[in-house]
Amino acid sequence: KPMRLWGGRFEGGPADALTRLSVSVQFDWRLAPYDLLASRAHARVLHRAGLLTEEELERMLGALDDLERACKAGEFRPTVADEDVHTALERGLLERLGTLGGKLRAGRSRNDQVATDLRLYLRDHVRTIVSRLVELETALMSQAEEHASTAAPGMTHLQHAQPVSFGHQLLAHVHPLTRDIDRLRDWDRRAAISPLGSGALAGSSLPLDPTAVAAELGFDAAAPNSMDAVADRDFAAEFLFCAAMIGVHLSRLGEEIVLWASQEFRWIEMDDAYSTGSSIMPQKKNPDVAELARGKSGRLIGALMTMLTTLKGLPLTYNRDLQEDKEPVFDAVDTLLLVLPAVSGLVSTMRVNTAKLESSAPDGFALATDLAELLVRKGVAFRDAHEAVGHLVVWCQVNDKDLGELTDDELAKVSPHFTPDVRDVLNVAGALAARKAYGGTAPDRVMDQLVALREAVDVQ
Ligand code: ARG
């Protein structure tokens, strides 16, 4: 017979189809540790309100401890007959305490309980996600440190644009992650509000102390409006935005790594431990980690859409639709905790092909801008400089030459501005070093950037 928290006014039992539709214990069981935490705090507040004797409180806390132990040991398990995590745990309490177990439900509802549990679960897991993000940042930063002076082809439109420090490019993937961590910290400030005490929607007529409960559970404050408190899932939606944004950042990094590892680029070689083979082509070494990082961003974005669509148009206060808030949240947490360590491993073990990067950095006339800017320093209008260098590039293409290979005569033929000293700017190291203003790709600035990032990450 199914365990129900609401049997009193019903004559027959629920239809099987209803039970199957409504049961959530198969996915909300992971909230059990948080539900038990909240139950302990609630037991204490009932005691302070004079609704549990000292002795009853002791027995209640003892039973909750034992239930927690039994859950951890796998001795106590939810069954298909338990509707949700709250129902299952109340069964466990009744099995241990008899009628006393039924006293804990006073002054609270599953509506404020589930909202509290999910906040506790998320605040806890967000801390783990932040640690995993810091590990990925650390992996990117140590590669960046090693390659601060390694020139690489910098691209726009996936076309060679200007040479950059490869370290600069790697750090360009760290900054978004730093913003993600910052977003999660800021998220926590708003998530740190306790719904417990709101009851079903209106608060309780019993002399409870929501502020004390909030403090005991590590929240900053109790919710100021009981109706908002049981209906609000902003914290879940906002977390899912943060998760989706992280997913997008990992996807872009993943896409770059897929390109870098290709035969056409050969910028990096992936470690065997972080690449996969083919069942038919013996030579293959595939970037599956990077591809899964790219692929799984889709489900993170999907989770955010699921949440927003669920919330849109719900009247106050609790509606059963809100049970749909949990699976997207759990899936996003699981996905991030799965993807982040794999990407960190991929990045920290990849070998950078410095020679290939350096040799292809000037390809595609990537130093053309430097040439035009030299003319500007000599007083030529940029518009004319741009035009003259453009002609020079075409001349080179037609004659199958690189900018650096031109003779004095050939240079002079294209434009009188091209005196032999222009060849001085036609080297990649000089082009990097010249971009030495704040935020530029000069290796010295990259090292400054690294110091600042490391400081920021330490604070995080
Ligand atoms: N299991 C429900 C949920 O996850 C909580 C129960 C509230 N149910 C109710 N009928 N008021 O949202």
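## Close-up views of a predicted model

View A. Helix H11 (residues 288-311) has 24 residues, which at 1.5 Å a residue should span 34 Å, and its end C-alpha atoms are 35 Å apart, in agreement. The expected span is 1.5 Å times one less than the number of residues in the helix. Helices (H or I, at least four residues) and strands (E, at least two) are DSSP runs, numbered from the N terminus. Before we go on, please note that this is a predicted model, in which local features need pLDDT of at least 70, side-chain atom pairs count only at pLDDT 80 or more, and totals for chains, interfaces and linings use all residues. Residues are numbered from 1 along each chain as its sequence is written.

Which residues of H11 are buried? They are Val289, Ala290, Ala293, Arg294, Lys296, Ser297, Leu300, Ala303, Leu304, Thr306 and Met307. Here a residue is buried if 20 or more other C-beta atoms lie within 10 Å of its own, exposed if 12 or fewer, and partly exposed in between, with C-beta atoms placed from the backbone. The partners that the buried residues of H11 pack against are helix H10 (234-260) and helix H12 (326-349). Contact between two residues requires that their C-beta atoms, placed from the backbone, lie within 7 Å.

View B. Just after H11 comes Gly313, with a positive phi of about 85°. Leu316 and Thr317 are joined by a cis peptide bond, with omega about 0°. Thr317 sits in the loop between H11 and H12.

View C. Most residues other than glycine have a negative phi, and most peptide bonds are trans. Leu158, in the loop between strand S1 (151-156) and strand S2 (159-165), has a phi near 60°. Is Leu158 buried or exposed? Leu158 counts as exposed because it has 7 C-beta neighbours inside 10 Å. Arg266, which is not a glycine either, has a positive phi of about 50°. Its place is the loop between H10 and strand S5 (268-269). With 14 other C-beta atoms within 10 Å, Arg266 is partly exposed.

**View D. Helix H3 is covered by other helices.** H3 (residues 32-48) has 17 residues and reaches 24 Å from its first C-alpha to its last, close to the 24 Å expected at 1.5 Å a residue. Its buried residues are Ala32, Tyr34, Asp35, Ala38, Ser39, His42, Ala43, Val45 and Leu46. Among the elements that cover them are helix H4 (54-72), helix H5 (85-97), helix H6 (110-146) and helix H8 (210-216). Gly50 follows H3 and has a positive phi, near 80°.

View E. The domain assignment, which is automatic or from a database, gives domain 1 (19-106), domain 2 (111-214 + 221-359) and domain 3 (362-459). The centres of domain 1 and domain 2, taken over C-alpha atoms, are separated by 32 Å. Each of these two domains brings 17 residues to the contact. On the side of domain 1 that touches domain 2, helix H2 (25-28) and H3 are the elements that give two or more residues. H3 supplies the largest share of that side, eight residues. The residues of this side divide into 10 nonpolar, three polar and four charged. In this count Ala, Val, Leu, Ile, Met, Phe, Trp, Tyr, Cys and Pro are nonpolar, Asp, Glu, Lys and Arg are charged, and the others, Gly among them, are polar.

**View F. A shell of residues surrounds the ligand.** What surrounds the ligand? The shell consists of Ser24, Asp28, Asp84, Arg110, Asn111, Val114, Tyr318, Arg320, Leu322 and Gln323. A residue is near a molecule if its C-beta atom, placed from the backbone, lies within 6 Å of it. H6 gives the most to this shell, with three residues. By type, the shell residues divide into three nonpolar, three polar and four charged. Domain 1 and domain 2 each provide at least three residues of the shell.

**View G. Cys396 lies in helix H15.** Cys396 is found in helix H15 (residues 382-399). Cys396 counts as partly exposed because it has 19 C-beta neighbours inside 10 Å. Leaving aside neighbours within four places in sequence, Cys396 is in contact with Phe365, Lys401, Asp402 and Leu403.
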